[in-house]
Amino acid sequence: MEDFRRAILQPGPPESFALQTVQEFIKPQRQTKLAQDENQLLENMLRTLLQELVSSAVQSGEEIMQYGQSIDDRENSQGQIPRLLDVVLYLCEREHVEGGMIFQLLEDLTEMSTMRNCKDIFGYIESKQDILGKQELFARGKLVMLRTCNQLLRRLSKANDVVFCGRILMFLAHFFPLSERSAVNIKGVFNTSNETKYEKDPPAGMSVDFNFYKTLWSLQEHFCNPASLTLAPTKWQKFTSSLMVVLNTFEAQPLSEEEGDANNLEEEAATFNIKYLTSSKLMGLELKDPSFRRHILVQCLILFDYLKAPGKNDKDLTSDSMKEEIKTCEERVKKLLETTPPKGKDFLEKVEHILEREKNWVWWKRDGCPPFEKQPIESKMVQDGTKKRRPRWRLGNKELSQLWKWADQNPNALTDPHRVRTPAITEYWKPLAEDMDPSAGIEAEYHHKNNRVYCWKGLRFSARQDLDGFSRFTDHGIEGVVPLELLPPDVRSKYQAKPNDRSKRAKKEDAKGTSNLAEENQIATSASEIDGEGARADDASTAPMDNDAMATTVSTSQGGTPTPEELQKQSPDTDVGQEAGQLEADGEVEAGMIDGETDAEVDLEAVS
């Protein structure tokens, strides 16, 4: 023990002397790691040394964590107890001694210290949080650390030591993983011991309604244990009647903006009290306090949110009548929160957002608290430390290479009659024909015509096998390509071509081309009449214009549209142009058929 007492007084980091000191004291069988009995011997010695140091610090009147500091260099020097803890923490981290030893010493230290010294001890624990949270130490000492923190919370006052209690809870939240079951109230047990005491008998000279006072504070009994409302209908009726009285009073006495500004909530947050006083003499002032009203109304929303959440069992579910009452009360409560100054609307939005996020935690707890943490995906390394090379395939990927390998092993695979083949046109368009049948009742969004790949393949098949159907694509779209024999009679008539449609279209194209040609001739004749005299003077060798053609031109310019006999008397160039226009019109009508036949012949020759 004296060896350790002298060791902790040495300057320098613990790694320079810690292991050597243990070896001198224990003389272990192995040089770097102690056996089980050796660990127990060392732990007993350290606990005894720690007790002596605490006793010496108390007798000297110094604080425990500062006992033994150098007076000359108090800022840089360290007390003997923190120095001893650092040595043990180093040995535990390097796995020279058992990992739970440091946690046991911290528990003993908090039990031997006053609450004033415990704040300094806990400050040391917070400073070593990263080291204590390592997996090799956490697995050995997490239960001891949880027990130590819970003992501290029991010793602290919830009214006077709020900040210290918050520090402990924050440490536990960071020290334990998010999905740690020991920190979750899985069964949903409520703290019914948190009882709100208020006056039962009316005092003398009370200025407010005592019945309202009792009704208001009796709501805390139901807020304390919401589960009891679903089990006993009489309690729910009592709660709703009391809540209606409170809501009616709040609505009858609305707060003005001046009253809301007079109670500055930001300044009030600095002097936060964990519970409101329940004296009947303060009832009048509390009703004018917007923070007090919000406190009651937010409690109502939390209660409603719990009752609306689905339970694990059927007995936990609320009835339909209760759901309607909850909905009505919730709307009134939200309206009161919105009208309560200052910034009531913003406050209500924040509360609703928090309650919405709380639903995620409720479902997580009811699913058994599955872990959130996922192990990082590490790249697999070969034994020599280099990354594995991706395999190189003969045809780019595994599937194509395997297909090529099968073809080599089975040369008759391409001539097998059972292999995948091009389907018949009637077989391929059958699903779309069923979609077009009104009696099938298939909705438009589920039709095959919405599948672009299906339509593209069908057009390719129709171009090879059904040119007549393929030509209907221009007028009727993809549904016109479907063979008519697959369609029901009422739908088939919509896509059947009328016998005179093609001839009427050809005549219409011919008449249109004739009228356009006549207009062009009229313009050309007018220009020739204007420039005629100059042309004769400049070029004497120019041949005279044909009399019949001149007469035709003059009659055309005077009378408008020429007759067919007049058109026949025009020049050969005009006849050639007219015949070319007519051939163009006929060619447009029959283009699809001619091209289709040609493509079909070429494809058939290629297949054969």
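Trainee: In which loop does Glu95 lie?

Mentor: Glu95 lies in the loop between helix 4 and helix 5. Helices here are DSSP runs of H or I with at least four residues, and strands are runs of E with at least two, numbered from the N terminus. This is a predicted model, in which local features need pLDDT of at least 70 and side-chain atom pairs count only at pLDDT 80 or more, while totals for chains, interfaces and linings use all residues. Residues are numbered from 1 along each chain as its sequence is written, and side-chain values use heavy atoms, with hydrogens and water left out.

Trainee: Why is Glu95 called partly exposed?

Mentor: Buried means under 20% relative accessible area, exposed means over 50%, and partly exposed is in between, with a 1.4 Å probe and protein chains only. Glu95 has 43% relative accessibility, so it counts as partly exposed. Although Glu95 is not a glycine, it has a positive phi of about 60°.

Trainee: What makes Lys343 count as exposed?

Mentor: Its relative accessibility is 64%, and the cut-off for exposed is over 50%. Lys343 therefore counts as exposed. Lys343 is placed in the loop between helix 17 and helix 18, and it has a positive phi of about 55° although it is not a glycine.

Trainee: Which residues does the cis peptide bond join, and what is its omega?

Mentor: The cis peptide bond joins Pro341 and Pro342, with omega about -5°. Pro342 is found in the loop between helix 17 (320-339) and helix 18 (344-366).

Trainee: Why is Glu107 called buried?

Mentor: The relative accessibility of Glu107 is 4%, so Glu107 counts as buried. Glu107 lies in helix 5, which spans residues 101-112. Leaving aside neighbours within four places in sequence, Glu107 is in contact (heavy atoms within 4.5 Å) with Val144, Arg147, Thr148 and Gln151.

Trainee: What makes the buried residues of helix 6 line one face?

Mentor: The buried residues of helix 6 are Asn117, Cys118, Ile121, Phe122, Tyr124 and Ile125. Seen down the helix axis, they fall within an arc of 150°, so they line one face of helix 6. The arc is that of the directions from the helix axis to the C-beta atoms. An α-helix has 3.6 residues a turn, so residues three or four places apart point the same way. The face turned away from the buried side of helix 6 carries the exposed residues Arg116 and Ser127. The buried residues of helix 6 pack against helix 4 (80-93), helix 5, helix 7 (129-132), helix 8 (135-155) and helix 9 (162-175).

Trainee: How many helices and strands does the protein have?

Mentor: The protein has 30 helices and zero strands. Buried residues make up 32% of its 608 residues.
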